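Visitor: I would like to learn how to read the features of a model like this one. Please take me through it step by step.

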Amino acid sequence: MADRKQIIFHIDVNSAYLSWSALEKLQNGSGVDLRTIPSIIGGDEKSRHGIVLAKSIPAKKYGIQTGEPVAAALRKCPGLVMEPPDHKLYRQYSRAMIGLLSEEFSPDLEQVSIDECYLDFTPVSGRYPSPEAAAAQIRDRIFESFGFTVNVGISTVKVLAKMASDFEKPGKVHTLYPEEIEEKMWPLPVSELFMVGGRSASKLERLGIRTIGDLAHADPAFLTAHFKSHGRLMWEYANGIDPSPVVTQKQEAKGVGNSTTLSEDVTEPAKAKAVLLSLAESVSGRLKKAGQLAGTITVEIKYFDFTKASHQTQTLSPVNSAEDIHRLACSLFDELWDGRPVRLLGIRSSKLTAEGEPIQLSIFDLPTAEPDTVKKGRDVHAPSPEKLQKLDAAMDKIRRKYGKDVVHRGSS
């Protein structure tokens, strides 16, 4: 089997500092959303010192630039609203976003700054109809959970995913595959290429290289003569060459979950439980990949009016099979659902333990009885736990190879 094409996402919070400060002020009773008025984060209003760390879209219309002196920004817009940075708050929002991405989408993340990260989509691609659909789900999930927007860039390498996420904002999903470079990236000014700073851009322009396309078609030796090793790097990036992998900082998993916003509100239990089966299989696959067993299962419901409810239960003994997770999730759903139309369903696992660790079995985990228990009403034809585990493993292998929709359980 040929290797699947690598797909990488770059997830970038739109005006992170300003968005996060705006949300905090709104939650504390402010009647004005900083994102809707000319505003900036940074500096000191009284001393007029410091630089602009973030700006609102209305502020951008006055020509205000990130990194410029606050005094210059105030000259451009005398009524500009200033808010000091709150780095503790920003770290909290950043950790929450990375936690959601890791738990619900993929743990294969590389955080490169407080407001941006790369996500290796390749290992989980079989769970989604397309990379674009998954990226839109990430964008919507972050907005629903926290109230701020992100751009998601999609490509086969990191530099192109990064460039794609910088296209039209806010709250957009963009692709920049190698075959799209000529149309989408080469016409841009050379100053817009990742890792081309102001001084390098000015020097390139003096050399007659004004667009990214000009840079891509320049002689690498000529660029190296003028810029040393950075010249070669700029040429590679202009041509979409970037062999660097997503470097995952492995962290101890605290939980694995998945949720989905339904295409239409669900009012029938059977349909809800079919969705829960798909979610259970996703959670099961991720637990097994991580070599983890779950001691607690939680079901989340969001109703048509956006009110939320959740319920959890401890397992009799740690589990990671789709059947066990689905059974528990259905039981929780029956206890939780109040009959209203359901807009979103989610399953989360927590209290994780490594598969190899000793576990406390319950009496229900003991070996099944001998055939003569038929006399006592037991079904000896029910599959054993070992067979169910093998079935799960076989289905996971098929899905990884041929896609998530190639095999389904009969109950689906």
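**Reading the model**

Guide: Start with one cysteine: Cys330 has a relative accessibility of 12% and therefore counts as buried, where buried means under 20% relative accessible area, exposed over 50% and partly exposed in between (1.4 Å probe, protein chains only). This is a predicted model, in which local features need pLDDT of at least 70 and side-chain atom pairs count only at pLDDT 80 or more, while totals for chains, interfaces and linings use all residues. Residues are numbered from 1 along each chain as its sequence is written, and side-chain values use heavy atoms, leaving out hydrogens and water.

Visitor: Is Cys77 buried or exposed? And how many disulfides are there?

Guide: Cys77 is buried, because its relative accessibility is 4%. A disulfide is a pair of cysteine sulfur atoms within 2.5 Å, and the count by this rule is 0. Across the protein, buried residues make up 44% of the 412 residues.

Visitor: How many helices and strands does the protein have?

Guide: Helices (H or I, at least four residues) and strands (E, at least two) are DSSP runs, numbered from the N terminus. The protein has 14 helices and 12 strands.

Visitor: In what order do the strands of the open sheet come?

Guide: Strands of a sheet pair through backbone hydrogen bonds, either parallel or antiparallel. Two strands count as paired if DSSP finds at least two bridges between them. Here 4 strands form an open sheet, ordered β9-β12-β10-β11, with antiparallel pairing. Its edge strands, β9 (255-266) and β11 (308-319), each pair on one side only. Within the sheet, β10 (residues 292-303) and β12 (residues 342-354) are joined by 11 bridges, and Lys302 stands opposite Leu344 in β12.

Visitor: Which strands does helix α4 touch?

Guide: Contact means heavy atoms within 4.5 Å. Axes are lines fitted to C-alpha atoms, for helices over the stretch in contact, and angles run from 0 to 180 degrees between N-to-C directions. Helix α4 (residues 87-104) packs on the sheet and touches β9 and β12, its direction making about 85° with that of β9. Helix α13 (residues 322-336) lies across β10, β11 and β12, at about 145° to β11.

Visitor: Which backbone details deserve a look?

Guide: The peptide bond from Lys169 to Pro170 is cis, with omega near -5°; Pro170 sits in the loop between α6 (158-165) and β8 (173-175). Lys228, not a glycine, has a positive phi of about 60°. Lys228 lies in the loop between α10 (220-227) and α11 (229-238), and is exposed, with a relative accessible area of 65%.
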